[in-house]
Amino acid sequence: MGTKTLVISAMLFSFYLNAQTKFESLADRKEIMELLQKYKVPAMGLGVIENGKLVTVNAYGKIKEGITAPYNTIFDVASLTKSVVTMTTLQLVENGDWNLDKPLYSYWVDPDIINDSLHKKLTTRHVLTHTSGFNNWRWMDATGKLQFHFEPGKKFKYSGEGFEYLRKALESKFKISLQRLSDSLLFRPLGMKDSRHAWDENVDESRFAIGHDTLKNSYELPKENKPNGADNVLTTIEDFGIFGINVFEKLNTTKGAYQEMVKPQVMVREKIAMGLGWFIFPDLPNDEYALYNVGGDPGVHTVIVLLPKSQKGVIIFTNGDKGYLLYKELLPKLLEVGAEIISRI
């Protein structure tokens with residue numbers, strides 16, 4: 001190991017030591033462990049952003065029987081994938097390589113809807129605002145096929161299928177996988193070294209937090225080997241903290257697509273709107289608003305909350321079926337507006 005590597009390693013160790021010490025002033029580690037026990041969640045990762053800087057990177061509990069969760073535990077973050085795909089897509093828009101409002105049929109058409117003229121109206125904006133007209137997943141329809149339930153743009157309906165549709169359109173136009181797009185536009189430029197859309201030989205399985213049910217029984221290890229536009233990103237708290245900071249930086253330094261991202265595009269319900277790829281909680285105390293996304297799959301519950309005006313944020317990853325109850329208890333302790341956000345969910 002060279003001198004430069006030793007210096008960098010020492011700096012990283014100092015950063016994580018300071019970060020973990022700082023967190024103890026926000027909430028007692030003992031309290032975290034009690035919450036893990038209360039909800040039978042084996043492990044949790046926590047990131048805290050203050051003043052646009054990642055000040056806490058920590059993990060608690062066990063990633064599997066007998067293995068303590070390291071600070072760089074790898075989690076499947078489920079639907080937080082949509083935040084990643086949103087930022088990748090908006091970077092393409094900023095680069096002039098993609099248009100939010102150009103119909104996606106120009107690049108790709110799903111065979112299930114090729115005979116429905118509504119497919120010619122579907123745009124990226126519709127996908128990112130969950131106004132595509134699709135169900136969450138096509139298997140939810142009696143036919144098991146993709147179909148429109150209303151004209152794109154008419155109302156909100158959460159849809160993973162929409163993001164999968166966007167993935168296929170992106171891959172068709174650029175002739176590369178979503179993984180390579182995110183690598184080139186997001187992961188590598190930001191140094192998100194532990195982030196990827198699918199399981200491959202570079203995943204350190206010894207650091208992976210396998211999902212658990214409500215009795216703390218582990219699920220089968222998921223090894224999805226193909227990117228999904230709506231689900232299954234693997235990442236760490238550190239990487240996703242860097243990602244959150246990048247959201248702040250984009251909002252502060254660019255116009256156009258990123259400013260569109262934080263404009264309410266459609267109402268989800270009272271006091272919750274949908275921007276581009278992010279839920280928006282407007283009119284919070286202290287003249288604040290929040291960007292919010294959650295993920296949930298068997299054995300997985302995750303959340304990210306970003307406050308652009310005050311440059312604060314919280315990221316919580318869990319590997320248990322009741323992880324959402326855990327983060328609902330923690331958010332009010334970690335953010336001044338956390339209780340208000342939870343009251344609106």
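The following legends accompany close-up views of a predicted model.

**View 1. Strand 1 and strand 2 form a hairpin.** These two strands run antiparallel and are joined by eight bridges. One example is leucine 46, whose bridge partner in strand 2 is asparagine 58. Two residues lie between the strands of this hairpin, in which asparagine 51 takes a positive phi near 50 degrees.

View 2. The pairing of strand 2 and strand 3 is antiparallel and extends over two bridges. Lysine 64 has isoleucine 67, in strand 3, as its bridge partner. This hairpin has two residues between its strands, and glycine 66 takes a positive phi near 85 degrees.

**View 3. Helix 3 packs against helix 6.** The axes of helix 3 (residues 81–94) and helix 6 (residues 178–190) come within 9 Å and cross at roughly 70 degrees. Helix 3 is therefore roughly perpendicular to helix 6. On the side of helix 3, the contact is made by Val84, Val85, Met87, Thr88, Gln91 and Leu92. Helix 6 contributes Leu178, Leu181, Ser182, Leu185, Leu186 and Phe187. The residues of this contact comprise nine nonpolar, three polar and no charged ones.

**View 4. Threonine 81 is a buried residue of helix 3.** Threonine 81 is found in helix 3, and its relative accessible area is 0%. A polar atom of the threonine 81 side chain lies 2.7 Å from the backbone oxygen of alanine 78. The side chain of threonine 81 also reaches the backbone oxygen of aspartate 231, at 3.4 Å. When neighbours within four places in sequence are left aside, threonine 81 is in contact with His197, Asn228, Gly229, Ala230, Asp231, Asn232 and Val233.

**View 5. Asparagine 286 is found in the loop between strand 8 and strand 9**. Strand 8 (279–284) and strand 9 (288–297) flank this loop, and they pair in the antiparallel sense over four bridges. Leucine 284 has glutamate 288, in strand 9, as its bridge partner. Most residues other than glycine have a negative phi. Asparagine 286, however, has a positive phi, near 65 degrees. Its relative accessibility is 63%, over the 50% limit, so asparagine 286 counts as exposed.

**View 6. Lysine 271 has a positive phi in a loop between two strands**. The phi value of lysine 271 is near 70 degrees, and the residue is not a glycine. With a relative accessibility of 44%, lysine 271 counts as partly exposed.

Key
Residues are numbered from 1 along each chain as its sequence is written. This is a predicted model: local features need pLDDT of at least 70, side-chain atom pairs count only at pLDDT 80 or more; totals for chains, interfaces and linings use all residues. Side-chain values use heavy atoms; hydrogens and water are left out. Buried means under 20% relative accessible area, exposed over 50%, partly exposed in between (1.4 Å probe, protein chains only). Axes are lines fitted to C-alpha atoms, for helices over the stretch in contact, and angles run from 0 to 180 degrees between N-to-C directions. Angles under 35 degrees count as roughly parallel, over 145 as roughly antiparallel, 65 to 115 as roughly perpendicular and the rest as oblique. Contact means heavy atoms within 4.5 Å. Ala, Val, Leu, Ile, Met, Phe, Trp, Tyr, Cys and Pro count as nonpolar, Asp, Glu, Lys and Arg as charged, and the others, Gly among them, as polar. A polar contact is a pair of N or O atoms within 3.5 Å; within protein, one must be able to donate a hydrogen and the other to accept it, and residues adjacent in sequence count only if both atoms are side-chain atoms. Two strands pair if DSSP finds at least two bridges between them.
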